[in-house]
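Reader: I have a structure open and would like to learn how to read it. Can we go through it feature by feature?

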Amino acid sequence: MALELTINQDDIQILCDRVEGAQEGAYAIHKLTDDYPKMTINDGYAVQAELRKRYLAKGHQLAGWKAGLTSKAKMEQMGVHVPSIGFLTDKMARTENVGIKTSEMVHPRVECEVAFVTKKDLQGPDCTLQDVLDATDYVLPAVEIIDSRFSGFKFDLASVVADNGSSARYVTGQVRLNPSDIDLTKVGVVMKKNGQEVAAGESSAVLGHPAEAIAMLVNILAEQDEMLPAGSFVMSGGITEAIPVQAGDAITAEFQHLGHVSMTFVV
C-alpha cells in the first residue's frame, strides 16, 4: 500500500538533500513547507524513507525506531497534535562516559524516555499495547538528544517527519527489566542539568502507557508496508518537554525502578 503523495520523486530527492545536508553539516534550514506549502505528513515520511536509504547505503545499521511527540507536553511545545515516528541507527548511539559534541548539532535538547527491546516481530495495522508487552524482551532507561535543524525552531509536522523527527543521538542506562516486573504507567523521572532539577514527569504522560506509543509506531510502519523486527530498539517518546543543552552541561536523568542515565556535552 503506497502512501498518497503530493510531491514527486524529484521533489523527494531535493528535500532529502536539504535535510541530509543540515543534519551532516549541523546548520539550520527553513521549514520545508515554505517552498512546498501543500506538503503532507505522508510526503514527510517519503523524504524520511529516502534519508534512511541514504544512511544505510553509507554504512549505518538500522538500530530501531522512535516514537515522537507522544506526550501532551511535547505536543504543546512543538505546536502539533499527532505523534510521529523516526528511525534510529547505530551511529546515533553514545555511551555515558563519552562527551557528546554539540558542534555536530544545531539546537540540541534532551528528553527522558522509556525504551523497549523486542524479542518478537511486531506487525500492524492492528498492533495493541498487549501485543507490544508480549513481544518485549526488556525495557530500559534512555535519554534522547534531539536536534531540530529548522531556523528559529519554526517548523510543522510534515517538516519534522522529513527531518526524521529531529533524531540525533541517544544514550541508554544499564538497568534492564522485564515489562511484567514494573508498572510502566508509573515510572517517575527527574531530569537534572548541572545538578539542578529542570524537568520531571511520569511515564503515563506518554499516551497513557509507553507501550501504547510502540503500538502506534508499529501501526504507522504498517501504513508504509514495514514491520518492526525482533531485536529492535525502540524509544517511546519524551516524558517531559525537551531541555536545551550546550557545551559544558552535565545531564542526569533519574528514573524510578530503572536507574539513571548520565552524559556530558562538549564542543
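Reader: Which residue of β13 stands opposite E254?
Author: Strands of a sheet pair through backbone hydrogen bonds, either parallel or antiparallel. Here E254 has H260 of β13 opposite it. The two strands involved, β12 and β13, run antiparallel and are joined by six bridges. Strands here are DSSP runs of E with at least two residues, and helices are runs of H or I with at least four, numbered from the N terminus. Two strands count as paired if DSSP finds at least two bridges between them.

Reader: What should I know about the model itself?
Author: The model is predicted: local features need pLDDT of at least 70 and side-chain atom pairs count only at pLDDT 80 or more, while totals for chains, interfaces and linings use all residues. Residues are numbered from 1 along each chain as its sequence is written, and side-chain values use heavy atoms, with hydrogens and water left out.

Reader: In what order do the strands of the open sheet lie?
Author: The sheet has five strands in the order β4-β13-β12-β8-β9, with mixed pairing. Its edges are β4 (100-101) and β9 (196-202), each of which pairs on one side only.

Reader: Where is H257, and is it buried or exposed?
Author: H257 lies in the loop that links β12 (250-255) to β13 (259-266). Its phi is near 70°, a positive value in a residue other than glycine. Buried means under 20% relative accessible area, exposed over 50%, and partly exposed in between (1.4 Å probe, protein chains only). H257 counts as exposed because its relative accessibility is 53%.

Reader: What of S166: buried or exposed?
Author: S166 counts as buried because its relative accessible area is 10%. S166 also has a positive phi, near 65°, and is not a glycine. It sits in the loop between α5 (157-162) and β7 (167-172).

Reader: What does S84 touch?
Author: Contact means heavy atoms within 4.5 Å. Leaving out residues up to four places away in sequence, S84 touches Y45, K66, A67, G68, L69, L157, V161 and M216. S84 belongs to strand β2, and it counts as buried because its relative accessibility is 3%.

Reader: How do I judge a helix such as α6?
Author: Compare its span with the expected one, which is 1.5 Å times one less than its number of residues. α6 has 14 residues and reaches 21 Å from its first C-alpha to its last, close to the expected 20 Å. Twelve of those 14 residues are buried, including P210, I214, M216 and N219. Among the elements that cover the buried residues of α6 are α2 (41-57), β1, β2 and β10. After α6 comes D225, with a positive phi near 60°.

Reader: How does α2 compare with its own expected span?
Author: α2 has 17 residues and reaches 24 Å, close to the 24 Å expected. Its buried residues include Y45, V47, L51 and Y55. The cover over the buried residues of α2 includes α1, β1, β2, α5 and α6.

Reader: Which residues have the most contacts inside the largest nonpolar core?
Author: A nonpolar core is a set of buried Ala, Val, Leu, Ile, Met, Phe, Trp, Tyr and Cys residues joined through side-chain atoms within 4.5 Å. The largest has 79 residues, and V110, L228 and M263 have the most contacts inside it. Helix α6 (residues 210-223) gives the largest share, nine residues. Beyond four places in sequence, L228 touches W65, I214, L217, V218, L221 and V234, among others.

Reader: Which peptide bond is cis?
Author: The bond between G124 and P125 is cis, with omega about 15°. P125 is in the loop between β5 (108-118) and α4 (129-135).
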